Amino acid sequence: MEPGRPQHLRQVLLFFVFLGGSSACSETLCYSVAEEMEAGSFIANVVKDLGLEGVVEDLATRGARVIFDDYKPYLWLDQQNGNLLLNEQLDRETLCDLTEPCILHFQVLFENPLQFFRAELWVKDINDHTPTFLDKDILLKISEGTAPGTSFQMESAQDFDVGKNAVQNYTLSPNPHFHLKLQDSEEVRKYPELVLDQSLDREKEPEFRLTLTAWDGGSPPRSGTAVVRILVLDINDNAPEFEKPVYEVQVPENSPLDSLVVKVSATDLDSGINGELSYSFSHVSRDIRKTFDIHPISGEVHLKALLDFELIQSYTINIQAIDGGSLSGKSAILVRVVDVNDNPPEVVITSLTSPIPENSSPEMVVAVFSLRDQDSGDNGKMVCSIEDNLPFLLKPTFKNFYTLVTERPLDRETSTKYNITITVTDMGTPRLKTEHNITVFVSDVNDNAPVFTQTSYTLFIRENNSPALHMGSVSATDTDAGANAQVTYSLLQPQDPSLPLHSLVSINADNGHLFALRALDFEALQAFEFLVGATDRGAPALSSQALVRVQVLDANDNAPFVLYPLQNGSAPCTELVPRAAEPGYLVSKVVAVDGDSGQNAWLSYQLLKATEPGLFGVWAHNGEVRTARLLSERDAAKHRLLLLVKDNGEPPLSASVTLHVLLVDGFSQAYLPLPEAAAGAAAQSDPLTVYLVIALASVSSLFLFSVLAFIAVRLCRRGRAGLVGGCSVPEGHFPGHLVDVSGTGTLSQSYQYEVCLKGGSGTSEFKFLKPVVPNLPPQNPEMEENHAFFNGFGLN
């Protein structure tokens, strides 16, 4: 809850309590308590008095409490049993002064549901104050010529109690010359008068000392005393007389302290001490004594306290002039307080509607308030206004009540709240102004669809991911508020119906996080697209969509697969190498493939183990196995080479292959595999191996056919030239398409071979081909590396 909210709520509730009190309860509960009663004393059981015995258990949940009109906690309500207890000791004189009866108004309030009952607490006076005289010594000067029956006024005793506990009686010590007579003043207060019973003789008794006792009506009664000192004077037969019977004066309420109110004057025809006058107040209240002061000699009346027209508009002050013979004259001063513009206007909010929907129709009532100025006349006339740049209007209704209404439809997305300043200015001099601020919040209506931060998203995910992997997120914002701005994400039906989207991807409906439901395989699915939707929770709901493209990144999850030599568990493949082979002679080529892509599919070859190290070498980039030096008769006839094929992934994967090499003096049918053996091996291999063997056989057949055709052409040319029995080097190069198979063949470069056909022999026999490397400039780095490889084997 916002700061100040409970106080504001309490004020609003009390306002309705005051307005609806007459209609909400048919009678007022009245309780009484004696002042000075101990705190915690039991006053009554409110639940029983209200006839609500069944809700005692619900007092706490219903928020039952007691609220006094002045918001002071004189009582408190025990929510466990409904007892009304005294919260503090009460002093009737502090609460009500002399007002009788002393009534404190309060309400018993139930907040949930709202229910209230008016009640009154009567604070009964107890006799806790003793009558006291302001002057403990009362001096009376009585002329000896005073006739019997003459009365002399004396100051009355003050008692803060009221009713019967106030001063009820006065007594005078016994004496033969005087007795007391009680008089009632206009304020229903008794004051004593001293009545002369016998003529006085100053020569016999010039002074009297009497004891005046004031008694209240309490039980037991309290009393206070004063000494009445009576001086017998010479005959004074003229009483003072004021110039006016009533002095009327107007005093502005903002007059400073000690300012002169009026100067009164009285005359006495006597001379000497009998003509000397003393001015004083006569039978005035404490408020007058606190507010005004009269000079006993000059008769000037000054202010002792500030005036307030809003509290008291006029004062009636009784004054008297007493001469030296104790004769007095009476008059009165009527002080009228003149209002000045010292109270700013007040704004009281009756009702406030907040928030209001942004699509509210014009003329909707937002607030009802009233104006009040405690000054009068032009000082109390007021003008009310608000700022011009707001979509609101002020309309006067009844007396000083106004309504605040909307002027046009509102837009929450433009402004979520309005701070409205109600300015009230009175017509006094100087003009006083009051500004009251209210805040009106605008509630949202679902008039804005969610908007994605991007129209399309591209996400990258590496294959072989773990299930439920977070791939990325999509995000959409809604300028509305509350439920209208709560976005829910969903997957839309893909355009490709064959794409099993819901088995591949899921989306978190609350935050738009995308997850891969299963491991992806780059070799099966490189990329896919789908649509995501964002829908708010308004009524009706609004939505939008965005395109998401998922790009699967390759991982090194496929080891190299050797196509040749075959490693299918059948008879090992044996390569025949003539012992007359030169260094760099091509023995065989390892052919391997990798199912990955990019650098994960870059293969390199390495010779791990050989029967005779240093005799054979393998080219790292194309897998060609060549002789490293000249063969000799001492070299073993059978050799076993263990080759490693490794890709360039991270981490790298590899496969090994075993190559058998047989050194022979020349090609012979005895070393060729039998057709039956080849057929049996093919039958045992799997279909893939069969296909690879067929492809290699076709390529080899084509190569042999090309070589034979070339040899036949060369022999025909030599026959015509008459050159018989020698070997010649073929002129020119072989056609490139016959011997150059890029990427998937067994050779990566074009080679030339010298071919000699031995005549006169029983069997056709090849002398193994000697590669002739053309003396050409290198065209690419791979050719340079091949050239370096041959140079390493001693080839020029």
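A residue is called buried when its relative accessible area is under 20%, exposed when that area is over 50%, and partly exposed in between. The legends below describe close-up views of a predicted model.

**View 1. Cys 96 and Cys 102 are joined by a disulfide.** A disulfide is a covalent bond between the sulfur atoms of two cysteines. How many disulfides does a search of the whole structure find? The search finds 1. The sulfur atoms of Cys 96 and Cys 102 are 1.9 Å apart. The torsion about their S-S bond is about 65°, and the disulfide is therefore right-handed. Both of these cysteines are buried.

**View 2. Phe 452 and Tyr 489 form a tilted aromatic pair.** The structure holds 11 aromatic pairs. A pair of aromatic rings is described by the distance of the centres and the angle of the planes. For Phe 452 and Tyr 489, the centres are 6.4 Å apart and the planes make an angle of 55°. Phe 452 belongs to strand β32 (residues 451-452) and Tyr 489 to strand β36 (residues 487-491), so this pair ties together parts that are 37 residues apart in sequence. Phe 452 is buried, at 11% relative accessibility. Tyr 489 is buried as well, with a relative accessible area of 6%. Ring pairs also bring in Tyr 457, which forms a cluster with Phe 452 and Tyr 489.

**View 3. Phe 528 and Phe 530 form a stacked aromatic pair.** The ring centres lie 6.0 Å from each other, with 25° between the planes. What angle between planes counts as stacked? Planes under 30 degrees apart do. Phe 528 has a relative accessible area of 4% and is therefore buried. Phe 530, at 2% relative accessibility, is likewise buried.

**View 4. The largest nonpolar core has 30 residues.** Within this core, Tyr 31, Leu 84, Phe 106 and Leu 121 have the most contacts. Elements that each supply at least two residues of the core include β1 (29-34), α3 (46-50), β5 (83-86) and β7 (115-124). Which element provides the largest share of this core? The largest share, 5 residues, comes from β6. Leaving aside residues up to four places away in sequence, Tyr 31 touches several residues, among them Ile 43, Val 46, Leu 84, Phe 106, Leu 121 and Trp 122. Another core, of 27 residues, lies apart from this one; Leu 459, Leu 491, Phe 530 and Ala 534 are among its members.

**View 5. Three strands form an open antiparallel sheet.** The order of the strands is β43-β47-β46. Which strands stand at the edges? These are β43 (586-589) and β46 (616-618); each has a single partner strand, so one side of each is left without a neighbour in the sheet. From one strand to the next, the twist averages 20°. Strand β46 is joined to β47 (residues 624-627) by 3 bridges, and the two run antiparallel. Val 618 stands opposite Val 625, which lies in β47.

Terms used. Residues are numbered from 1 along each chain as its sequence is written. This is a predicted model: local features need pLDDT of at least 70, side-chain atom pairs count only at pLDDT 80 or more; totals for chains, interfaces and linings use all residues. Side-chain values use heavy atoms; hydrogens and water are left out. Rings of Phe, Tyr and Trp (its six-membered ring) pair if their centres lie within 6.5 Å; planes under 30 degrees apart count as stacked, over 60 as edge-to-face and the rest as tilted. Helices (H or I, at least four residues) and strands (E, at least two) are DSSP runs, numbered from the N terminus. Buried means under 20% relative accessible area, exposed over 50%, partly exposed in between (1.4 Å probe, protein chains only). A disulfide is a pair of cysteine sulfur atoms within 2.5 Å. Two strands pair if DSSP finds at least two bridges between them. Axes are lines fitted to C-alpha atoms, for helices over the stretch in contact, and angles run from 0 to 180 degrees between N-to-C directions. A nonpolar core is a set of buried Ala, Val, Leu, Ile, Met, Phe, Trp, Tyr and Cys residues joined through side-chain atoms within 4.5 Å. Contact means heavy atoms within 4.5 Å.
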